[in-house]
Amino acid sequence: MVYSITTVILILTVAAFFVWARNGLSPFGRKQWILRGVVALPLLASGALHFTRTALMATIIPPFFPYRPQLVLLSGVLELAGAIGLLLPPFARAASASLAA
């Protein structure tokens, strides 16, 4: 259930970016900052869950991967870094590309 809410928010945000792009993007407009925040909040929450519910998150990873708890912690760090990067203008473009990959 937690992932469905996050997924819906991310899909709606991507859709909003596509609609907004048709009208021409402004590089640092207020709408863009709001949408960055909307994307960053679920990533921050999910990243924090990687540290508080490590065992639960490790069950999502297929069993043939070694060191599943460590992979959960690594992905949590990367999600938090991406979320913070979205909110810092010098890193926003790199964070966007990294999160999309």
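Tutor: Let us begin with a definition: helix axes are lines fitted to C-alpha atoms over the stretch in contact, and angles run from 0 to 180 degrees between N-to-C directions. Contact here means heavy atoms within 4.5 Å, and helices (H or I, at least four residues) and strands (E, at least two) are DSSP runs, numbered from the N terminus. This is a predicted model, in which local features need pLDDT of at least 70 and side-chain atom pairs count only at pLDDT 80 or more, while totals for chains, interfaces and linings use all residues. Residues are numbered from 1 along each chain as its sequence is written, and side-chain values use heavy atoms, with hydrogens and water left out.

Student: At roughly what angle do the axes of helix 4 and helix 5 cross?
Tutor: The contact between the two is made by G82, A83, G85 and L86 of helix 4 together with A92, A95, S96 and L99 of helix 5. The axes of helix 4 and helix 5 come within 7 Å of each other, and they cross at roughly 145 degrees.

Student: How many helices does the protein chain have?
Tutor: From the N terminus on, the order of elements in the protein chain reads α-α-α-α-α. With zero strands, the count of helices is five.

Student: How far apart are the end C-alpha atoms of helix 4?
Tutor: The expected span of a helix is 1.5 Å times one less than its number of residues. Helix 4 covers residues 68-87, so its 20 residues should span 28 Å, and in agreement with this its end C-alpha atoms lie 29 Å apart.

Student: Which helices do the buried residues of helix 4 pack against?
Tutor: Buried means under 20% relative accessible area, exposed over 50%, and partly exposed in between, with a 1.4 Å probe and protein chains only. By that rule V72, G76, E79, G82, A83, G85 and L86 are buried in helix 4. These buried residues pack against helix 2 (30-52), helix 3 (54-58) and helix 5 (92-100).

Student: How is helix 2 oriented relative to helix 4, roughly parallel or roughly antiparallel?
Tutor: Residues of helix 2 including W33, A40, L44 and F51 meet residues of helix 4, among them V72, G76, L80 and L87. Angles under 35 degrees count as roughly parallel, over 145 as roughly antiparallel, 65 to 115 as roughly perpendicular and the rest as oblique. The axes of helix 2 and helix 4 come within 8 Å and cross at roughly 160 degrees. Helix 2 is therefore, relative to helix 4, roughly antiparallel.

Student: Does Y67 count as buried or exposed?
Tutor: Y67 lies in the loop between helix 3 and helix 4, and its phi is near 55 degrees, a positive value in a residue other than glycine. Because its relative accessibility is 63%, Y67 counts as exposed.

Student: What separates the C-alpha atoms of I84 and L41 in Å?
Tutor: I84 lies in helix 4 and, at 45% relative accessibility, counts as partly exposed. Although I84 and L41 are 43 residues apart along the chain, the separation of their C-alpha atoms is 9.5 Å.

Student: How far apart in space are T6 and L99, C-alpha to C-alpha?
Tutor: T6 has its place in helix 1 (residues 2-22), and it is buried, with a relative accessible area of 18%. T6 and L99 are 93 residues apart in sequence, and their C-alpha to C-alpha distance in space is 14 Å.
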